[in-house]
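Hi,

Here is the structure I promised to pass on. Have a look at it first, and then read my notes below.

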Amino acid sequence: MAHEDHAFVVGINTYPDLGSLGGPANDALDFREWLLAPDGGNVPRDNVHLFVSPAYAQVPPVLDADPRAEQIEKKFLELLSQLQQSGVKARRLYLYLAGHGFSKEVDEAALLMANAAKGMSTILHIPGRAYANRWAKTAFFDEVVLFMDCCREDFKMTQPRPPVFDDISGNAAAETFFGFAAKWSRASREGPWGPSQQMRGIFTLGLLAGLRGGATRDANGQVSHISLADFVYNYVAKSAVNLTPNEKAQEPQFTPSNLMHAWKFNAPNGEAAENAAVIAPAGAGGVDLAVPPAFYVLTVHTNNGTTYQLTDGKAQIPPNVQAAGTYTWHLPQGYYKLLRSDGAMAWVEAGGMKETLDVPL
Amino acid sequence: MSLSETQFSVDAGADVETFIVSPSYAVLQRGVGKFSGKLTPGIYKVKFRRGTVTHEQFFEIPAVATGIVVLKPSVPLMYESAVPTLESGATDTSRKQVAAARDLSRRTQRSASGSNIYLFFHRNPDAPPLDLRLRLYTLDEQLVGDMQKNAECDDAANPTFAALSTDVPPGAYRLRCGDGDDVLEQIVIACSGWQTQVFLTPQAEEEGDDPTPLAAASILMGRDGFDPANPLLQLAEAARVALRYERTTMSRELLTRLVNEKFESPMLGIYAAHALAASGTRDPLLEQVLDTLESQVPGHPDVAALRIGTGPQVEIDVPPMLRSSWRAITAGSLDDSVHIQEGSLASRLPASLWPGTPWLLWSQRDLLPLLDTGDVGASLSEISAALGTAADAMPSDLTNSEEALFSYLVRRSSSDFTSSLESLERPLDDRAIARAFGTTVAQVKNTVSGLAGKLRMTKVSSSE
C-alpha cells in the first residue's frame, strides 16, 4: 500500500569546492513529483523528505553549504525511531540521490555532500548502497529502492562513511532494487532538456520517462523492474551522444536482490483515482516533468525529384506533413527504415531525450 | 511456430553476447555465440558485445517470410586484451609478439608436478615504453624473479615485449609493480602441474583513471606453455571481462560449456564461477564446476572462497587473486564462516584496495603492521573513554583507516545521535565495526589496536 511507503530525495547542485552542477536539484524535484503522483509512486506527502540545494544568491563558503550528511542522517534516525515505536512494517522505501558521486568498491556508490571538497571527502558523503542495505536489514520495509544519478568515479584514498545506525539484522531482510546512472568508475552525464532547456541528468530523464509511460506496462498499468531497466539502458544509450575521445559510453546499472521478486512501479490502475483527492502533488518547482515525448519529429528534404518512404517493418507510414521539398513524420518511439527513391536507405531510431531526429541520408 | 513469427539465427563468435531489443526498448532475447529464435515482423535493434566492445545494428523481420533471417555483426568486434593473439592485429610486431609469447613460455624446466609463473609484458610500438619494474617474491619476500634484470626482450633499449619464466614450487607469490613508496602488489598462485601465465600491457590513461598494468592483467593457466591458437583463449578473456563488469549472461553459458566439454582451463572456470556467484544465485552448475576445480587446482584460495558459507569454516592465510574472493572472505569473517589466520598476509591487507580491477591489488605501503592486537574490547573501551576530549587532541599520525574509525566513533558519541540511538543501540565490537566499514574483523582489530596505542601516546604527551 502506497500510504506505507517512505522516501528520501536528495539533489545537490551547489558544490562550492567540487564545481556546481545544473541538473540534480531539478532531477530531485521531478522525482519527488513522480513519488507524489497518484498514478505514480503514490507516496503520502508527509512521508517524502526532500533535500535540495537552496537557491543561493551567491555560492557560500564550502563549510556552510547545504545539504549535509548529518541532516539526512538525522532524518534517517527519526524515521527509524518512528517505525520501531509504531511496530508497523512499511512497504517500500525509496532513496533517490543525485549530485557528484564516487565509488571505492565495484558495488558501492556514494553521493558527495555540498560541503565536500578535494581531500575532504572521507566523511562528507552518503554511501547510497550501504544505507540501502542497512535499511533493508532493519526489516521495517518489505522493499528498498535506491536510484542514484551520480558519477561512480573511483576516489582511491577516500574512506567510506559507514551508516550511522547499526546493522539490526533480525527478520528476513527486505528485497532491494538498485539503479545507478553509470557503471563503476564511470561518469554520468547531464544536458539541457525540455521547453525550458533546463539541465537534467540523462539517467533521471530516462528513469522518469520510463515510469511515466515509456517502459512497457502490464495489464494493471504498472512497470516491472525488467522493463524499466531495459528502457532506461536504451534511452541513455540513445541520449548520451557526442562523447569525447577515450570517453566510455554511460551505461546504467540495475541490480535486483532477487531475480524472482516481482517489482512493480506506479500505482495500479484504479488506485490513482481512489487516492487523487487525498494526495495532491506539491508541484515540481518550475521543473519540466520528464515524460516520454508524445512523438519524435523526422524531417527530410528532397531534391532532384527524389521521394521517400518510411516503414516500421509492418507497414508503410505516410508523412504527417508533405510540402514542396520536405517530408515530416511525427513518430512514436521505435525503429524505422527510411528509403529513398534512388535506392539509398537509412535506419532511424526514434527514442531518447532528443525529440528531433537527425538522419544521415 | 506461430504463423506471424519468423525464425532468426544469430551467427556470432563463441565469446560474443547478443541482445535483441524491441522498439519499446525491451530486451526480447539474449544469448551467447550461435543461437536462434522467433520474432514477429518488425524492425529490431541487435546489440553485439565482445569484451569491452559493443556494436549495434538494426535488422528487419519481413512481413512475408522469406527464410531464416541471419544476424551477424557487420563489423569485426576487436578489443584490446593483454593476451597477445593474432586477432589483435596483423602487424609484424603483433605477429612477433604472439610467437615470442608462445615460444618463451615453453622455456621451463619444471617437472610434471612442478609449477611455473610466466610473465609477458608487451605493447604496441606507438604506446608508452614498458615499465619493467615488475618483480616476483615469495610470501616471506624472497626475490624469485626480476623483469628488469632477467627478462628476455626483443630490443633491450626499447622493448615491445619482455618475458620472464620462473620455475617455482607450488604456492602463493607476490607480484609487485613499481618502486619505493609507489609499489602495488597482488598475489599469483602457482599450482602443481600448471604454468600460471600473467599477460600485461601498458594502460591508456582515461578520465579519472590512474593506470597500472596489473589492473588489466590477463591471467591464464596452461600445462604446455601458452597456445595462442587455443579456442578457449577467447572464452577465458570473455570470462575475465564478464567478471570485471559483473555480467552473468556470459558466465552461465561458459559454465555450461565447461561442464559439457573437456575442462582444460582452470582460470576460465574460476572467472566464470566468480561472475556467476556474484549474481547471488547458487546454481547447481556452479557446484559441478567447483568440484572439478578443487580436483584440478587443490588449495587455490579463489576456489576456496566460492565455498564460503556452504560448508565448514574456511581457513585463509594467503590473500586470493580476485577481488570478488576477498569480498566473500570479508563477509565470511563477520559470521565465522571464514577464519583469517592471525599474523598472516591476509590479516594485514588494508581496507583501501586498488579499484577498477577484478584483481585484489593493494599498495604495499598500506599493509597493516604486524601488531599484537591484544584485547580488542579493552582497546575499544579505552578509545570510547578518550573520545570526549580526544576530538580536540586527535593524533596527527593516524593512518587512513585509523582516522576513519576515529571519525566514526566520534560521530556515534555525539549528542545529536545518542538520543535517537538509545533504543537501537547494540554493543559496539570488532564485528559491528567490520560490518559498518565493509572490511575484515582482522583489519578492524589491527586498526583499533593502532588507534588505541596512538591515543595513549597523545595522552602521555599532553600530560608531560
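What follows is a short tour of what turned up, element by element.

One thing to keep in mind throughout: this is a predicted model.

I'd start with helix 4 of chain A, residues 202-214. A straight helix of 13 residues would span 18 Å at 1.5 Å a residue, but this one spans only 14 Å between its end C-alpha atoms. Helix 4 of chain A is also mostly covered, with 12 of its 13 residues buried. Among them are Ile202(A), Phe203(A), Thr204(A), Leu208(A) and even Arg212(A).

How does helix 4 of chain A sit against helix 5 of chain A? Their axes come within 9 Å and cross at roughly 130°. Angles over 145 degrees would count as roughly antiparallel and 65 to 115 as roughly perpendicular, so helix 4 of chain A is oblique to helix 5 of chain A. The crossing of the two is right-handed. From helix 4 of chain A, the contact takes in Ile202(A), Phe203(A), Leu205(A), Gly206(A), Leu207(A), Ala209(A), Gly210(A), Leu211(A) and Gly214(A). Helix 5 of chain A answers with Leu228(A), Phe231(A), Val232(A), Tyr235(A), Val236(A) and Ser239(A). Sorted by type, the residues of this contact are 11 nonpolar, 4 polar and no charged.

**Helix 2 of chain A**

With 18 residues, it reaches 26 Å from first C-alpha to last, close to the 26 Å expected at 1.5 Å a residue. Its buried residues include Ile72(A), Glu73(A), Phe76(A), Leu77(A), Leu80(A) and Leu83(A). An α-helix has 3.6 residues a turn, so residues three or four places apart point the same way. After helix 2 of chain A comes Gly87(A), with a positive phi near 75°.

The peptide bond from Asp66(A) to Pro67(A) is cis, with omega near 0°.

Which residues other than glycine have a positive phi? Gln197(A) has one near 50°, and Glu141(B) has one of about 65°. Gln197(A) is in the loop between strand 10 (190-193) and strand 11 (198-201) of chain A, while Glu141(B) is in the loop between strand 9 (134-138) and strand 10 (143-146) of chain B. Gln197(A) counts as partly exposed because its relative accessibility is 49%, and Glu141(B) counts as partly exposed because its value is 40%.

**Two buried residues**

Tyr296(A) is in strand 15 (residues 296-301) of chain A. Is Tyr296(A) buried or exposed? At 1% relative accessibility, it counts as buried. Tyr296(A) touches, among others, Trp329(A), His330(A), Leu331(A), Gly351(A), Lys354(A) and Glu355(A). Tyr296(A) and Trp329(A) are 33 residues apart in sequence and 8.0 Å apart in space, C-alpha to C-alpha.

Over in chain B, Pro350(B) lies in the loop between strand 18 (338-340) and strand 19 (362-363). Pro350(B) counts as buried, at 5% relative accessibility. Leaving out residues up to four places away in sequence, Pro350(B) touches Trp362(B), Asp366(B), Leu367(B), Leu368(B) and Gln443(B).

Cheers

How values were computed: Residues numbered from 1 in each chain as written. Chains lettered and ligands numbered in written order. Predicted model: local features only at pLDDT ≥ 70, side-chain atom pairs only at ≥ 80, totals over all residues. Heavy atoms only, no water. Helix = DSSP H or I, 4+ residues; strand = E, 2+ residues; numbered from the N terminus. Expected span 1.5 Å × (residues − 1). Buried < 20%, exposed > 50% of the residue type's maximum accessible area, 1.4 Å probe, protein only. Contact = heavy atoms within 4.5 Å. Axes fitted to C-alpha atoms, helices over the stretch in contact; angles between N-to-C directions. Parallel < 35°, antiparallel > 145°, perpendicular 65-115°, else oblique. Left-handed = near helix turned anticlockwise from the far one by under 90°. Nonpolar A, V, L, I, M, F, W, Y, C, P; charged D, E, K, R; others polar.
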